[in-house]
Amino acid sequence: MWNVTDWQKVVFSDESRFVLGTDDNREWVWRRPAYYSRSTSIVMRGILTGQRYFDDILRPHVGPFLNGLSGAIFQQDNARPHTARVSQDFLRHFQTFPWLANSPNLSPVEHVWDQLKR
């Protein structure tokens with residue numbers, strides 16, 4: 001059984017799609033992980049592919065953040081960009097939290113997306 005100290009090592013990551021207007025302008029917003037502080041959001045237009053996820057999120061933001069945290073465990077869901085080979089190859093260098101198929105979403109970021117969409 002995990003305790004509070006164990007869960008404090010988990011770095012949750014998530015993104016959400018927002019449709020702005022009637023022309024189906026899709027904006028992807030990804031929240032940079034942070035502990036006990038505000039963090040920046042990254043807004044991307046268009047389709048979020050595995051390569052874009054690697055180029056725009058993992059390499060410039062997630063990698064440096066996790067390298068600075070001893071014992072951090074990175075958690076993301078099984079969205080296609082997350083399971084792409086380029087993403088998985090990059091994340092082999094870090095400890096990740098396994099995500100089983102049909103698992104409930106444990107990420108507290110989901111509640112933030114829900115509020116923003118309302």
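Colleague: Are Phe-90 and Phe-94 buried or exposed?
Modeller: Buried means under 20% relative accessible area, exposed means over 50%, and partly exposed lies in between (1.4 Å probe, protein chains only). Phe-90 and Phe-94 are both buried.

Colleague: From what number are the residues counted here?
Modeller: This is a predicted model: local features need pLDDT of at least 70, side-chain atom pairs count only at pLDDT 80 or more, and totals for chains, interfaces and linings use all residues. Side-chain values use heavy atoms, with hydrogens and water left out, and residues are numbered along each chain, as its sequence is written, from 1.

Colleague: What pattern does the chain follow along the sequence?
Modeller: Helices (H or I, at least four residues) and strands (E, at least two) are DSSP runs, numbered from the N terminus. The chain has five helices and five strands. Read along the sequence, they give α-β-β-β-β-α-β-α-α-α.

Colleague: How many aromatic pairs are there, and is the pair of Trp-7 and Phe-97 stacked, edge-to-face or tilted?
Modeller: Rings of Phe, Tyr and Trp (its six-membered ring) pair if their centres lie within 6.5 Å; planes under 30 degrees apart are stacked, over 60 edge-to-face, the rest tilted. The structure holds five such pairs. The ring centres of Trp-7 and Phe-97 are 5.6 Å apart and their planes are at 55 degrees, so the pair is tilted.

Colleague: How far apart in sequence are the parts that this pair ties together?
Modeller: Trp-7 is in helix H1 (residues 4-7). Phe-97 is in the loop between H4 and helix H5 (109-117). So the pair ties together parts whose separation in sequence is 90 residues.

Colleague: Which three residues form one aromatic cluster?
Modeller: Trp-7 is partly exposed, at 34% relative accessible area. Phe-97 is buried, at 17%. The cluster is made of Trp-2, Trp-7 and Phe-97.

Colleague: Which elements give two or more residues to the lining of the second largest pocket?
Modeller: On a 1 Å grid over the protein atoms alone, a pocket is an open set of points with protein on both sides within 12 Å along at least five of seven lines; lining residues have an atom within 4 Å of a point. The second largest pocket is lined by 13 residues, and Gln-76, Gln-88, Leu-91, Thr-96 and Phe-97 lie nearest its centre. The elements asked for are helix H3 (80-83) and helix H4 (85-91).

Colleague: How far is Met-44 from Asp-56 in space?
Modeller: Met-44 lies in strand E4 (residues 41-45). Its relative accessible area is 4%, so Met-44 is buried. Met-44 and Asp-56 are twelve residues apart in sequence, and C-alpha to C-alpha their distance in space is 8.8 Å.

Colleague: Which residues does Lys-117 contact, leaving aside its neighbours within four places in sequence?
Modeller: Lys-117 is in helix H5. With a relative accessible area of 48%, Lys-117 is partly exposed. Contact means heavy atoms within 4.5 Å. Beyond those neighbours, Lys-117 is in contact with Ser-16, Arg-17 and Phe-18.

Colleague: How far is Lys-117 from Val-19 in space?
Modeller: The two are 98 residues apart in sequence. C-alpha to C-alpha, the distance between Lys-117 and Val-19 in space is 9.3 Å.

Colleague: What share of the residues in the chain is buried?
Modeller: The chain has 118 residues. Buried residues make up 35%.

Terms used: 1 Å grid on protein atoms, 1.4 Å probe; cavity = no way out; pocket = protein on both sides within 12 Å on 5 of 7 lines; lining within 4 Å.
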